[in-house]
Amino acid sequence: MRTGFIAAVAVAGLLAGCAPQVPRLADGEGQQPAGFPDAYYRQAALRGQPVYEVDPASSLVVIEVRRGGALAHLGHDHVVASHDIHGYVAPADGRADLYLPLDRLVVDERDLRAEAQFDTQPSDEAIAGTRGNMLEKLGAGKQPYALVGVRGVDIDAAGSRLSATITLNGITRAMPIPAQIVLAAEEVNVTGRVTLEQTSFGIVPFSILAGALQVQDQVSIRFRIRARRMAL
């Protein structure tokens with residue numbers, strides 16, 4: 001059912017008129033993917049609709065990549081993070097569009113490895129090699145952004161699920177993403193976790209020695225997105 005979400009949006013819309021607002025980036029500052037629907041959100045805000053802009057400084061996406069194979073003990077698990085998420089949320093439309101530049105991904109930050117409870121620590125040289133190999137497999141040279149689109153939120157006894165699409169390596173997949181949504185006048189906070197398969201996006205996981213040492217196809221993604229009321 002969507003009724004709970006719609007009711008929450010209605011309350012937030014009433015509160016939003018007195019919400020603290022944050023300055024927008026100047027036109028042309030930074031880069032966006034081609035065709036990113038920035039104008040859609042600007043127009044919605046001009047109509048008086050509450051629109052929220054993602055705050056990269058307090059948002060985070062963490063990808064846990066685990067090793068596999070008979071010789072897995074010789075390898076390392078890895079954690080990949082983005083601290084550079086951008087985009088917008090329009091709760092009244094049940095819509096959000098986000099993007100993150102792949103060349104800003106960070107590999108194996110110590111704090112995040114500790115949170116993931118990984119039991120090894122790769123060298124700086126190994127981390128650099130992992131990052132280079134990752135960007136090549138992601139096709140970052142030709143497809144420099146990962147994109148997330150949300151076109152609705154379903155709420156039932158099991159919780160909230162985002163009706164989302166993820167675009168990576170030039171391939172778009174639709175998937176429901178379980179999430180916790182906290183909607184207020186001044187900001188929206190969305191947290192959750194989802195598992196996806198790299199091969200679904202045309203990415204061939206690293207493998208050597210006939211698969212005796214490999215990267216598992218499934219990766220676990222957890223995210224924390226904070227978006228604040230946008231001012232024009």
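User: Why is arginine 222 called buried?

Analyst: Buried means under 20% relative accessible area, exposed over 50%, and partly exposed in between (1.4 Å probe, protein chains only). Arginine 222 has 18% relative accessibility, so arginine 222 counts as buried. This is a predicted model, in which local features need pLDDT of at least 70 and side-chain atom pairs count only at pLDDT 80 or more, while totals for chains, interfaces and linings use all residues. Residues are numbered from 1 along each chain as its sequence is written, and side-chain values use heavy atoms, with hydrogens and water left out.

User: What makes arginine 222 and glutamate 64 a salt bridge?

Analyst: A salt bridge is a side-chain nitrogen of Lys or Arg within 4 Å of a carboxyl oxygen of Asp or Glu. For arginine 222 and glutamate 64 the N to O distance is 3.7 Å, and the pair is a salt bridge. Arginine 222 is in strand β12 (residues 213-229) and glutamate 64 in strand β2 (residues 60-68), 158 residues apart. Strands (E, at least two residues) are DSSP runs, numbered from the N terminus.

User: How do you know whether glutamate 64 is buried or exposed?

Analyst: Its relative accessibility is 8%, so glutamate 64 counts as buried.

User: Why is arginine 104 called partly exposed?

Analyst: Arginine 104 has 49% relative accessibility and therefore counts as partly exposed. Its salt-bridge partner is aspartate 84, with the closest N and O atoms 3.3 Å apart. Aspartate 84, at 12% relative accessibility, counts as buried.

Methods:
Helices (H or I, at least four residues) and strands (E, at least two) are DSSP runs, numbered from the N terminus.
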